[in-house]
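Colleague: I am new to this structure and would like to learn how to read it. Could you take me through some of its features, one at a time?

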Amino acid sequence: MGFKKYLSILITFVTVLIFVIPTQSQIKPASTIYARRLSIHDGLSSNLVKCLFQDSKGFIWVGTKNGLNKYDGYTFKKYLEEVDDSIGLEHNIVSSICEDNSGTIWAATLSGLVAIDRKTDKVTLFHHDKNNIHSIASDNVSTTFTDSKGRLWIGYGNGELDEY
């Protein structure tokens with residue numbers, strides 16, 4: 001390496017050290033953050049939170065290892081696995097939550113895709129059907145996302161991706 005190239009690199013390095021990297025005296029201590037901790041004692045279905053989402057109405061949706069929860073700032077409404085009830089989830093582990101342009105809440109679970117109509121609170125479950133090419137690719141849904149064009153994206157534990 002030539003002397004000019006070496007000198008150029010050295011000057012760049014020294015400039016970064018002096019002007020970009022802050023010194024200890026420039027670092028201010030973080031302000032105190034006050035948080036209100038919510039748990040199962042406040043109505044949350046589990047303290048093992050997997051994902052969070054705020055919908056267009058301001059509700060906070062919490063996906064846990066034990067169901068989906070909707071928080072209004074005061075109380076939690078739980079959507080849990082219900083063995084004898086078609087209203088609940090089929091699997092309690094919720095890994096992702098999103099909302100589409102019509103206000104439907106979508107949740108990813110290990111046993112399929114869940115849609116919640118916020119107007120009626122109706123829960124609809126979507127499963128993979130090997131005889132239907134238009135069904136979801138797998139019941140092992142790992143993530144959901146809606147883009148700026150209103151398309152629903154679904155990612156699966158097997159690496160596949162669907163766009164609706």
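Modeller: We start with the whole chain and then turn to strands, a loop residue and salt bridges. Keep in mind that this is a predicted model.

Colleague: What do the overall figures for burial, surface and contacts say?

Modeller: The chain has 164 residues, and 33% of them count as buried. Its accessible surface is about 11300 Å², with 56% belonging to carbon and sulfur atoms. Among contacts with a separation of 6 or more, 38% are between residues 24 or more positions apart.

Colleague: Which way do the residues of strand 3 point?

Modeller: Gly-67, Asn-69 and Tyr-71 point one way, while Leu-68 and Lys-70 point the other way. Residues on both sides are buried.

Colleague: Which strands does strand 3 pair with?

Modeller: Strand 2, residues 60-64, runs antiparallel to strand 3 and is joined to it by 5 bridges. Val-62 has Asn-69 in strand 3 as its bridge partner. Strand 4, residues 76-79, is also antiparallel to strand 3, with 4 bridges between them. There, Tyr-71 stands opposite Phe-76.

Colleague: How many residues lie in the connections on either side of strand 3?

Modeller: The hairpin from strand 2 to strand 3 passes through 2 residues. The hairpin formed by strand 3 and strand 4 has 4 residues between the strands. Gly-73, in that turn, has a positive phi of about 100 degrees.

Colleague: What should I expect of phi in general?

Modeller: Most residues other than glycine have a negative phi. Asp-121 is not a glycine, yet it has a positive phi of about 65 degrees.

Colleague: Where is Asp-121 found, and what is its accessibility?

Modeller: Asp-121 is in the loop between strand 7 (112-117) and strand 8 (122-126). Its relative accessibility is 24%, so it counts as partly exposed.

Colleague: Which residue forms a salt bridge with Arg-118?

Modeller: Arg-118 pairs with Glu-99, and their closest N and O atoms are 3.1 Å apart. Here too distant parts of the chain are linked: Arg-118 is in the loop between strand 7 and strand 8, and Glu-99 is in strand 5 (residues 94-99), 19 residues apart. Arg-118 is partly exposed because its relative accessible area is 21%. Glu-99, at 9%, is buried. Asp-55, Glu-99 and Arg-118 are linked in a network of salt bridges.

Colleague: Which strands make up the open sheet, and in what order?

Modeller: The open sheet has 3 strands in the order 9-10-11, with antiparallel pairing. Strand 9 (141-146) and strand 11 (161-163) are the edge strands, each pairing on one side only. Neighbouring strands of the sheet are turned by 15 degrees against each other on average, direction ignored.

Colleague: How many bridges join strand 9 and strand 10?

Modeller: Strand 9 and strand 10, residues 152-156, pair over 5 bridges in the antiparallel sense. Phe-145 has Trp-153 in strand 10 as its bridge partner. A salt bridge to look at next is that of Arg-151 with Asp-147, where the closest N and O atoms are 2.7 Å apart. Arg-151 is partly exposed, with a relative accessible area of 29%, whereas Asp-147 is buried at 13%.

Terms used. Residues numbered from 1 in each chain as written. Predicted model: local features only at pLDDT ≥ 70, side-chain atom pairs only at ≥ 80, totals over all residues. Heavy atoms only, no water. Buried < 20%, exposed > 50% of the residue type's maximum accessible area, 1.4 Å probe, protein only. Pairing = 2+ DSSP bridges. Axes fitted to C-alpha atoms, helices over the stretch in contact; angles between N-to-C directions. Contact = heavy atoms within 4.5 Å. Areas by Shrake-Rupley, 256 points an atom, 1.4 Å probe, with all protein chains shown as cover. Salt bridge = Lys/Arg side-chain N within 4 Å of Asp/Glu carboxyl O.
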